[in-house]
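Hello,

Here is the structure I said I would pass on. Please have it open while you read my notes below.

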Amino acid sequence: MRILLITDLYPLFDDEKGIPLTIKAFAEGFVERGHLVEVFRPNLIPNVLIRKRKLYKNGCKENNGIRVYNKNFLTPFRKHSVLRAYKKYFKGETFDVIIAHMPSGIMCADIISKEYNIPFLAAVHSSDITVLKSFKYALFKKRMVEAYKNASCILPRSFWLKEKIKKAIPDIKQPVEIIYSGVPLEITEENEKTERTFNSKKAKIICASSLIERKNIKNLILAYKKLKKKHPKVTLEIIGEGPLREKLEILNIKNKLDVKFLGQLSKEDVFKKMKEADIFILPSKNETFGMVYMEALSFGMAVCCTKNSGIDGIIEDTKNGYLLKPNKKGIYETLNKILSIKPKQFLEVSKNALTTAKMFSYENSIKNYLEKIELFRL
């Protein structure tokens, strides 16, 4: 199968700042299973600058054997400019299906799909919901709704997003199927061999996140302040960088807390921290899916996620993880609940987390995604 992937969320380089590697992992999984994948990366220049990403030149880069065609657009994806770029980069090539991620990818895919009669499937991220609901994106809303209605299938990235897209476009007739992400099975199986223990009095809490408003780290620190009064030997480490780091460090000092800010770590070092810690928490607001939650599950941690966001639907409260309200009180109550349970109950949650990680492994996520493509591209 020849697949054209259209998205601005695909890295030209693995260390490109601001670009997660989830979509890239899907593409490489498709290639590993014998499919051809090429990537069209349409960047709206004002959006790149607002997000403080690096603006790369137009042209083709190869990333781990996959050709990525970068194209910068000054204005929002007009038909003639999109088709001109497509003809320049993909002249003479044929594709069986187009997969589109993110609003820019979906709008461009709709144009190309109509012109060349190529079926396309539209993935849903939290950014898409923002465009559909926010007044400041009213210019794009009509185009996005039309594109979704022209897609062969709509692919939300989580159970939460499935409900959101149905509410945002109540008259949608296209099938809506979930595509989730996963961690390689070997990581989970390796962690199953490690015998976990749990000492609630000295529990280690970690968070791994970009330090931006949506990740809600401020409320986590304020909840930790209250938690320390009851559990003085519990610790909190925060992995990640972002524009709010300085303010969060000042908040930590002002409240005389011992939160450790570790900055950006390599994947290997993040995994090392997960192996050592007991609880993972990321109380984001409007999280698409969050691969880091799946990684934490694969280490048998007690994983805390916001209700009706992220991997709610994969996490079942108190069974394989914990769901929380993203305010100070909700975060404190959830952490305190975990620190109040007996070791036997904690280890049962840990065991269930590992089982869940195996069910939603990377291998199974690729299989699930390809099944959706095969079924709905015709």
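Some ground rules before the rest. This is a predicted model, so local features need pLDDT of at least 70 and side-chain atom pairs count only at pLDDT 80 or more, while totals for chains, interfaces and linings use all residues. Residues are numbered from 1 along each chain as its sequence is written, and side-chain values use heavy atoms, with hydrogens and water left out.

**Aromatic pairs**

Rings of Phe, Tyr and Trp (its six-membered ring) pair if their centres lie within 6.5 Å; planes under 30 degrees apart count as stacked, over 60 as edge-to-face and the rest as tilted. By this rule there are 16 aromatic pairs. One of them joins Tyr-69 and Phe-90 edge-to-face, at 4.8 Å centre to centre and 70° between the planes. The pair links distant parts of the chain, with Tyr-69 in strand 4 and Phe-90 in helix 3, 21 residues apart. Helices here are DSSP runs (H or I) of at least four residues and strands are runs (E) of at least two, numbered from the N terminus. Both Tyr-69 and Phe-90 are buried. The rings of Phe-73 and Phe-77 have centres 5.3 Å apart and planes at 65°, so that pair is edge-to-face as well. You will also find one aromatic cluster made of Phe-40, Tyr-69, Tyr-86, Tyr-89, Phe-90, Phe-95 and Tyr-116.

**Two positive phi values**

Phe-77 is not a glycine, yet its phi is positive, at about 50°. Phe-77 sits in the loop between strand 4 (66–73) and helix 3 (79–90), and at 1% relative accessibility it counts as buried. Asn-117 also has a positive phi, near 55°, and lies in the loop between helix 4 (102–116) and strand 6 (120–124). With 70% relative accessibility, Asn-117 counts as exposed.

**A helix pair**

How do helix 9 and helix 13 pack? Helix 9 (residues 217–230) and helix 13 (residues 328–339) meet at an angle of about 45°, with their axes 8 Å apart. The axes are lines fitted to C-alpha atoms over the stretch in contact, and angles run from 0 to 180 degrees between N-to-C directions. The two helices are therefore oblique to each other; angles under 35 degrees count as roughly parallel, over 145 as roughly antiparallel, 65 to 115 as roughly perpendicular and the rest as oblique. On the helix 9 side, Asn-219, Leu-220, Leu-222, Ala-223, Lys-226, Leu-227 and Lys-230 meet Lys-328, Ile-331, Tyr-332, Leu-335, Asn-336 and Leu-339 in helix 13, contact meaning heavy atoms within 4.5 Å.

Lys-372 is in helix 15 (residues 362–376) and is buried, with a relative accessible area of 11%. Leaving aside neighbours within four places in sequence, Lys-372 is in contact with Leu-121, Leu-155, Glu-177, Ile-178 and Ile-179. The C-alpha atoms of Lys-372 and Cys-153 are separated by 8.3 Å, although the two residues are 219 apart along the chain. Glu-276, in helix 11 (residues 267–276), counts as partly exposed at 40% relative accessibility.

Best wishes

Key: Buried < 20%, exposed > 50% of the residue type's maximum accessible area, 1.4 Å probe, protein only.
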